[in-house]
Amino acid sequence: MNRRMVWTIVGIVAIIGFVAFGAGAFKSNLTPYVSFQQARATSDAVQVAGKLVQGSDLFDEKASVLRFDIQDDHGDVMRITYKGLKPGNFHEATQVVAIGRFRGGALDAEKLLVKCPSKYQGLDQKASTS
Amino acid sequence: MFLPGAIALWAAFLSLVASTFFYFRSVRGHQEARAWARQAYGLATTAILIAAGVLVYLIVTHDFRIHYVFSYSDLSLPTRYLVATLWAGQEGSFLLWLVWGMLVGLPLIRYAQHYEDRTMVVYNLAQISLLLILLRQSPFRFISDLTAGQVPFDGQGLNPLLQNPWMTIHPPIMFLGYAATAVPFAFAVAALWGRRYDEWAKASLPWALVTVVTLGCAILLGGYWAYVTLGWGGYWGWDPVENASLVPWIASAALVHGMILQRARGRFRKLNFSLAILAYVLVVYGTFLTRSGVLADFSVHSFVDLGITGWLVGNLAGAMVLGFGALLWRWREIPTEPGDEPFFSRTVFFVVAIAALLGTAATVLVGTSAPLITRLATKTSQVGPSFYNRVILPIGIVLATLLGTVPFLQWKGTSKDFRKRLLLAGGLAIAAGVVSLVAGAHGILYVMFLLASLFAFFSNLLKTWDEVRQRRFRAAGGYLAHVGLGLMLAGIIISSAYDRSEKVTLALNQSRQVMGYTLTFKGVDKPTPTAREAMLIEVKDKNGSTYVARPRMFRNEKTNQMVANPDVHVQLTHDVYVSPIEFDPGRLPEHGDTLDIGKGQTGKIGPLEITFDGFEMAGKHSETGKVTIGARLTVKGRGQTQTVIPAMHAAGPGEFTAVPVEILGFKGATVALNGVNANTGHVRLSVTGFGGGGVAKSAVLHQGNALTYKSVTLTFDDFDLSDFDPEANKINIGAVLKITGGQKPGEITPRFHGGEGGPRYEDAEIPGLPGVKVRTGKMDPNEKTVEIQVLDPDAPADQGEPMRFSVDVTVKPMIGLLWSGLVVLLAGGIMAVIRRGDEFSTAIAAQSGSSA
């Protein structure tokens, strides 16, 4: 075997190893979008989305967590707990996406995403006349 | 459509098409067409600059008929943010990209030499693809459905998070980087087209370096922006928008190394063609991901879908077909030369480094595209930050190790001081590693990454020193850049793997211990009514040195959006990062007692005698234009006499806020001016803090419900509306309560008087319980509910609740390495750009000299 062939083999093995490692990490880190019901039924990391129930948010000083409720289109309500910082547009959000695992009655979120009202909705109504 | 702007865009489009056409004619042998092509390009550049100028003019002059101006700016924006509005929205940022694209084309034409015709055909196509988006989604369109003469008063304003000095520099640098990626792409396709497979790499190396320097700078500026002002707690979140710029940056870094390799060894042509095409395709792909709305559910700041998804997909397909099509077309013709280098050679290390960089890029790419990939197979899913961290950490260790070894390698083997130098660098890295272990570094992979980064740092530092000593300053640029990179990698791993963070809620003036710091919330600083509130937190460390952290939390009046800015206290070894979570303004004490007195009259409350001496209008503390009324009072009690001036400030039309003033000598006692009767000249004062009169019990009662206090039961019977006539401005409501169980059964009616002169309570004493009074609170005649409070002189006075501020305190060790490393990296990168640019011009000069 010449040196070139050795390197080719080493390279291929490294690439296969890396791809396998990456694919494994990818699969184990996937968080599918699910309904509240499905989120309650599994212990895997998932993501759920819903409207913030206004006034439900509270910073629990003892546990140092942010708690709030979100409601989906069917009226189902889910309690979310979050250890991080409250996102900037939290109260204005039309929708809150929480990513985490359901534990002990609430979804323990690792990450929150807030979606703000589109600048393009209701634009023409807002345009006042001079 | 605003005509001047639209005309400029169309003129640019037609000129670019003409330029492309004439360059194509020139390729076909009609050399005289080249001059026209250049003129047309110049015209297109001018037109784009005019278009950008027109848009800035429209923004600065507040022409709110224009949809873009209306959506992203308003009258209150200062000029610098008005100019920044040019790139605040989708359309404007494409225009900025195009401005850079056209400007980059000018030196490109000058220096492209014999590649010019073909390169410019491809380059123009890339510009046209951007311009098409702007013609489809024009920044100059009017708001739809406005009839003639209708102009909005004011715009919707710029997102408050973007109203930040970083907004004025981060996007322009970013888009310069994006624009520059089109150059190696155009060169690569032109080289394939014209079958000149070698010199293009030299010609486009400076441009690839420009991309690496500018994109890298922009990415980290964006990170620094997020870190110091957005309060997201970090500089990097693996968000799709961040990733969309990171992937092309890594690909461009791989391209730079590939080109240097090709230049030195005359090999790896196919690799570089692939990389140059890939880097540009990745930019276009990133644009598609972040601008089409496909990831709207997965990012904190993806743009909204504007209906240009089809165009973005079209651009992507176009770039891929053009680039990879050209590559496949010539694939078999591109010469390849087998090499046979030992493992310890710069050649092999470069190849491995390029592979590792591509592995990193692929990881980020796959992770960012996860929603698209999984949509095909199963449920739409995304991956979290841990995916990136887990996969990239081992590659990072490999890359940093290569980075540390390569300075002392030659292209075909090791340099003679290889062992000595590496031992020295390795020794220094291990020594520094031991120091960090003592300081608390742990975790096998983290420590390995740290050691490798330190090794890279020391080794490149030694090499830079060697070069400088031998007066080869120009060659030092590349090594210096890698010194910075080593520092940055070390800073990244230390600050993210070993940061400590704790959340704490601070009540006003109370100290709390957090991670060895003593934090005391000192209140809210708002020096002028228009200033943004800053929360003052005194932070004292173990050694007793103190500073005041000023994190901010305020409501943007325009959008009513809460904006939080952290406070970053930079120290040599660590940053203390205080980020706001929640602010609770607290509650003032319930009004213990009220006094209604005229000028010169005296009233008694508890041990105090209060005399109203007269009004104090707009004193020296008030702002011009703000109405402030003060009442000068003489307060006597316990042998002391003092003058206090509580005031009311106009908070809005017909709205006043009362600011309570402390009465000295009586703990917790305050007096506030709650109302002024203009007719009688009376003032209403509320005094809090005396031993009694506190709320002993309170409840909301429905009709028929009862509340029991001591032996007495109070049953809510009905409202007394006998003197209630809002039209005559008589808002007097009583709540009839039946008394049972006490010594004297009967009926009492505490009342609330609204209307003229402001709200006033008329308390009713409970018969049989001397001094105990009942007061009405909230009343709801529809629901038939009333809130009642039992006030007992024996109950402790209500102290109110202090304001409280919850913060997240994070100590980020050695994060300064990241930013200082960035500066070193940029300095080295700029040196490298100059060196490679000069090398190319020298080569050109030599060529034209020999051919002449």
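Reply: Ile610(B) is found in strand E15 of chain B, which covers residues 608-617 (strands are DSSP runs of E, at least two residues long, numbered from the N terminus). The model is predicted, so local features need pLDDT of at least 70 and side-chain atom pairs count only at pLDDT 80 or more, whereas totals for chains, interfaces and linings use all residues. Residues are numbered from 1 along each chain as its sequence is written, while chains are lettered from A and ligands numbered from 1 in the order in which they are written.

Ile610(B) counts as buried because it has 22 C-beta neighbours inside 10 Å, the threshold being 20 or more, with 12 or fewer for exposed and partly exposed in between. Leaving aside neighbours within four places in sequence, Ile610(B) is in contact (C-beta atoms, placed from the backbone, within 7 Å) with Leu595(B), Thr602(B), Gly603(B), Ile605(B), Leu633(B), Val635(B) and Leu685(B). By contrast, 79 Å separates the C-alpha atoms of Ile610(B) and Ser459(B), which lie 151 residues apart along the chain.

Turning to a sheet in chain B, 4 strands in the order E13-E22-E21-E20 make up an open, antiparallel arrangement, where pairing requires at least two DSSP bridges between two strands. Its edges are E13 (593-597) and E20 (661-662) of chain B, each of which pairs on one side only. E13(B) is joined to E22(B), residues 682-688, by 5 bridges in the antiparallel sense, and Ile597(B) has Val683(B) of E22(B) as its bridge partner.

Conventions: Two residues are in contact if their C-beta atoms, placed from the backbone, lie within 7 Å.
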